Amino acid sequence: MERIVIVTGANSGIGLALCDRLLTVDSHLRLCLACRNMQRAHAARSTLLTSHPDARVDVVHLDVGSVQSVLTAAQEVQSRYSRIDFLYLNAGIMPNPQVDIKALFKGLFSRNVINMFATAEGLLTQQDRLNSDGLQEVFATNLFGHFLLIKELEPLLCQPSHTSRIVWTSSSNARRSAFSMEDIQHTHGTEPYSSSKYASDLLSLALNRHKNSQGLFSSVVCPGLVMTNLTYGILPSFFWTLIMPIMFLIRIFTNTFTLTPHNGAEALHWLFLQKSESLDPRAKYHSLTSGLGTNYTQPRQMDVDDGMSEVLYEKLLELEKGVRRKLTERNADKETHGQ
Ligand SMILES: NC(=O)C1=CN([C@@H]2O[C@H](COP(=O)(O)OP(=O)(O)OC[C@H]3O[C@@H](n4cnc5c(N)ncnc54)[C@H](OP(=O)(O)O)[C@@H]3O)[C@@H](O)[C@H]2O)C=CC1
Ligand SMILES: CC(C)=CCC[C@@H](C)[C@H]1CC[C@H]2C3=C(CC[C@]12C)[C@@]1(C)CCC(=O)C[C@@H]1CC3
């Protein structure tokens with residue numbers, strides 16, 4: 001039976017590398033690239049078809065940071081497919097990142113240096129903003145849009161006698177201390193990225209608790225540090241190229257410097273080959289690359305608990321209701337004003 005796989009943010013970086021790797025292991029796959037930029041999506045499709053001429057690759061428009069777009073995309077997906085085998089929730093943003101150079105130099109001479117390079121703890125801040133749905137953009141893109149997508153696609157994801165899988169591209173930068181249950185959108189802090197990724201770790205745990213009995217299994221991945229558009233937003237690409245020898249050196253001490261999208265997609269690809277029974281809901285599956293360049297996947301326990309994940313789940317359901325109500329009102333308003 002052909003497997004149906006949807007990948008969000010599939011037009012570049014880790015998402016695109018994952019698609020290539022999936023088509024290499026299963027040429028009978030039906031792959032759907034869910035992207036916000038259709039031009040880039042079609043370019044990615046062409047690239048994939050060049051290496052896999054017989055592959056079946058579809059494209060669907062999805063701006064995961066827009067409630068209306070998520071609802072429209074989910075309808076489109078439901079009209080095309082009768083089930084989903086894998087849903088990779090990979091789209092993500094880190095807007096206006098700032099590296100704390102002072103903290104970087106201080107960290108270099110501390111005992112925490114390896115952990116600093118692996119997790120970027122204390123090094124990175126971002127500037128977030130409200131989107132047109134009135135949500136914080138990072139939260140909306142990295143977490144809430146994906147949550148809404150899952151809810152909308154439940155008829156395809158939760159089917160009797162069929163197992164479906166969700167895989168979140170989280171990060172080693174996900175940190176409990178950056179997340180507040182009183183401010184799940186991270187309106188007040190300067191680490192919305194870290195907060196949103198920690199929230200995805202919590203949500204994955206909650207989804208497993210609520211949905212495993214309906215045949216839906218969720219896992220979390222950290223791709224390591226990968227050179228993509230996201231990291232080129234942190235430091236310019238020429239700078240990364242300049243320090244590449246240092247990066248290969250650091251890789252000897254922390255195998256989290258996977259560096260290429262192909263390597264970064266290792267754990268996402270590995271999970272595709274695993275049976276749902278073998279998955280650990282509390283593990284984050286890390287893509288790792290050794291000093292000699294060997295790729296492997298390693299599960300590491302996440303800093304999450306059931307109580308917190310349940311509270312977040314309830315808050316997301318509550319927010320979902322509010323957002324749907326607002327959208328209905330907005331659409332009704334448009335109709336009465338003839339727009
Ligand atoms: N690179 C790294 O070191 C690490 C990355 N990650 C995570 O990996 C994931 C992939 O990022 P990466 O490959 O690095 O970076 P890229 O910027 O190359 O890829 C991000 C993808 O997400 C898409 N995207 C962004 N916003 C939206 C949106 N609103 N709707 C739909 N798609 C959107 C982008 O599309 P578009 O082209 O339109 O912008 C792009 O396809 C992210 O979740 C990121 O947080 C985690 C740990 C480390
Ligand atoms: C000498 C050298 C390697 C300098 C680079 C310093 C920092 C810019 C990087 C050190 C650790 C990196 C890191 C990320 C971004 C760049 C660093 C802060 C991420 C936050 C990128 C996105 C993620 O999801 C996790 C990464 C962790 C490590």
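Among contacts in the protein chain between residues at least 6 apart in sequence, what percentage join residues at least 24 apart? The figure is 74%, where two residues are in contact if their C-beta atoms, placed from the backbone, lie within 7 Å. Keep that in mind as we walk through the chain.

A word on the ground rules. Residues are numbered from 1 along each chain as its sequence is written, while chains are lettered from A and ligands numbered from 1 in the order in which they are written. The model is a predicted one, in which local features need pLDDT of at least 70 and side-chain atom pairs count only at pLDDT 80 or more, whereas totals for chains, interfaces and linings use all residues.

Let us begin with the whole chain. The protein chain has 14 helices and 10 strands; these are DSSP runs numbered from the N terminus, with helices being H or I of at least four residues and strands being E of at least two. Its radius of gyration is 20 Å, close to the 20 Å that the globule rule gives for 339 residues, so the chain is as compact as a globular protein of that length. That radius is taken over C-alpha atoms, and the globule rule is 2.2 Å times the number of residues to the power 0.38. Along the principal axes, the C-alpha atoms fill a box of roughly 60 × 50 × 40 Å. Of the 339 residues, 44% count as buried. A residue is buried if 20 or more other C-beta atoms lie within 10 Å of its own, exposed if 12 or fewer, and partly exposed in between, with the C-beta atoms placed from the backbone.

Now to the ligands. Around ligand 1 there are 30 residues, and G9, G13, A91, G92 and T228 come nearest; a residue counts as near a molecule if its C-beta atom, placed from the backbone, lies within 6 Å of it. Helix 1 (13-25) and helix 9 (229-232) each supply at least two residues of this shell. By class, the shell around ligand 1 holds 11 nonpolar, 16 polar and three charged residues. Here Ala, Val, Leu, Ile, Met, Phe, Trp, Tyr, Cys and Pro count as nonpolar, Asp, Glu, Lys and Arg as charged, and the others, Gly among them, as polar.

Ligand 2 is surrounded by 18 residues, of which A120, L123, S171, N173 and L225 are the closest. Helix 5 and helix 11 (244-253) are the elements that give two or more residues to this shell, and helix 11 contributes the largest share, three residues. The shell around ligand 2 divides into 13 nonpolar, five polar and no charged residues.

A120 is buried, with 24 other C-beta atoms within 10 Å. N96 also has a positive phi, near 45°, and is a residue other than glycine. N96 is found in the loop between strand 4 (86-89) and strand 5 (98-99), and is exposed, with 10 other C-beta atoms within 10 Å.

Next come some helices. Helix 6 (residues 137-152) has a kink of about 40° centred on F144, the bend at a residue being the angle between axes fitted to the seven residues ending there and the seven starting there. Helix 6 is mostly covered, with 14 of its 16 residues buried. L104 lies in helix 4 (residues 101-108) and is partly exposed, with 15 other C-beta atoms within 10 Å. Leaving aside neighbours within four places in sequence, L104 is in contact with V99 and L123. In helix 2 (residues 38-51) you will find L49, which counts as partly exposed with 14 C-beta neighbours inside 10 Å. Not counting residues up to four places away in sequence, L49 touches A55 and V57. L49 and T336 are 287 residues apart in sequence and 46 Å apart in space, C-alpha to C-alpha.

Finally, an annotation from a record. An unreviewed UniProt entry gives residues 230-250 as a "transmembrane region"; positions follow the numbering used here, feature names are shortened, and annotations may be inferred rather than shown by experiment. In the model, this span is 76% helix and 0% strand, and its end C-alpha atoms lie 20 Å apart.
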